[in-house]
Amino acid sequence: MSWSQKTFSLSPRTRGSYLITDEVVQAVPEIANYKVGLLNLFIQHTSAALTLNENWDPDVRDDMTDALDRVAPESAPYRHDDEGPDDMPAHVKSSLIGASLTIPIKDGRLATGTWQGIWLCEFRRYRHQRKIVATIQGERK
Amino acid sequence: MSWSQKTFSLSPRTRGSYLITDEVVQAVPEIANYKVGLLNLFIQHTSAALTLNENWDPDVRDDMTDALDRVAPESAPYRHDDEGPDDMPAHVKSSLIGASLTIPIKDGRLATGTWQGIWLCEFRRYRHQRKIVATIQGERK
Amino acid sequence: MSWSQKTFSLSPRTRGSYLITDEVVQAVPEIANYKVGLLNLFIQHTSAALTLNENWDPDVRDDMTDALDRVAPESAPYRHDDEGPDDMPAHVKSSLIGASLTIPIKDGRLATGTWQGIWLCEFRRYRHQRKIVATIQGERK
């Protein structure tokens, strides 16, 4: 049984949905050392989120961004709007999508499906740099 | 400390919400060997999801299916529609509900509440067979 | 490698969103014993949920409650309404937000971001007391 834990920053991005599988795997090469285990990714922010979704067609990412805007529209009435109209909708979306992912590791690789990729959902209009805590536990090779 | 990991397939199902607690427990009888631990269930697909919800009244499952259709309707405008009108709404719902569950194990059983069951949410109209990676870690009895 | 697991009850609350970070940390002081690890919080109910979100402005909690009411409104048609109009919307919200959280532990503390707190989302109008299973695994100091 072995643990690895590190914090890393994603490239800063403006509002949208982004495929970050390669960025994550490069930041956490320790995945390759584990025969069996789990990777927990935890984003330390409340106006962005992590999810798994389609890894091929960029249209899916744009459609997701739009669909979440319909679920939590800027036009709804909010008490909390100190940082602008995208502030509170960002908090709603972050709880709907979630701040963390737990992904199985098998034979040194993430055991994701063929079409699954790791996404960052950035909900704020202005460019933000987001920090992720990656925790791996498992049996080493 | 001990790990078990396996991949299994659920029975193929058409669009809807399904109680799969028994199917999961039968596929992962190793749960019974653990005094304390965690079961991670990870669905390797992006147009279906896993969740926990009410385990008694089938109406709850049908109402959930309908409620998610209202949250991500087929009638909304989508760029990505190669596989039909249920394609992109399925991706949206999968990120809203989530691809994985982590459930505590206590004394050889899942420590779910009295009314909690494991659900498969299948978002595609046509019958699909879904694969789940089950990872258990814990202390054996 | 070490495991701790316990079940505790939250203070009973009526419908709303509540910051419960202090209540959780007091219920699980074992967090302080771990150099590196993960805390899993699992709510044993299907009409409440756990999430991470903003820990400062109470308006964010009230806005969240309202926003989720718009996503799963009581006015929609539901088959399942045995326990009143807030019954089925509560089940929908619980699957959208989720029943569990996995939070990294670093040097005896939760590795949450500066503005992140643990929230209970209570979706039933009448006061309910909710039970949480807390499971910690990690390397002790």
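This is a predicted model: local features need pLDDT of at least 70, side-chain atom pairs count only at pLDDT 80 or more; totals for chains, interfaces and linings use all residues.
**Three chains around one axis**

Hello everyone. Residues are numbered from 1 along each chain as its sequence is written, and chains are lettered from A and ligands numbered from 1 in the order in which they are written.

Back to that axis. Chain A can be laid on chain B by a turn of 120 degrees and a shift of 0.0 Å along the axis, with an RMSD of 0.0 Å. That is the relation of a three-fold axis. In chain A, the C-alpha nearest the axis belongs to A:Leu96, 3.3 Å away from it.

Which surfaces do the copies use? Only 19% of the interface residues of chain C are also interface residues in chain B, so the copies meet through different surfaces. Contact here means that C-beta atoms, placed from the backbone, lie within 7 Å.

Now the contact of chain A with chain B. It takes 30 residues from chain A and 26 residues from chain B. On the side of chain A, the elements giving two or more residues include strand 3 (34–43), helix 2 (58–71) and strand 8 (131–140). Helices (H or I, at least four residues) and strands (E, at least two) are DSSP runs, numbered from the N terminus. Helix 2 of chain A gives the most, with eight residues.

Finally, a helix pair. The axes of helix 3 (residues 87–97) of chain A and helix 2 (residues 58–71) of chain C come within 10 Å and cross at roughly 65 degrees. Axes are lines fitted to C-alpha atoms, for helices over the stretch in contact, and angles run from 0 to 180 degrees between N-to-C directions. The two helices are therefore roughly perpendicular to each other, a term that covers 65 to 115 degrees. Helix 3 of chain A brings A:Met88, A:His91, A:Val92 and A:Ser95 to the contact, and helix 2 of chain C brings C:Val60, C:Asp63, C:Met64 and C:Ala67.

Definitions and conventions. Angles under 35 degrees count as roughly parallel, over 145 as roughly antiparallel, 65 to 115 as roughly perpendicular and the rest as oblique. Two residues are in contact if their C-beta atoms, placed from the backbone, lie within 7 Å. Copies are superposed by least squares on the C-alpha atoms of residues with pLDDT of at least 70 in both.
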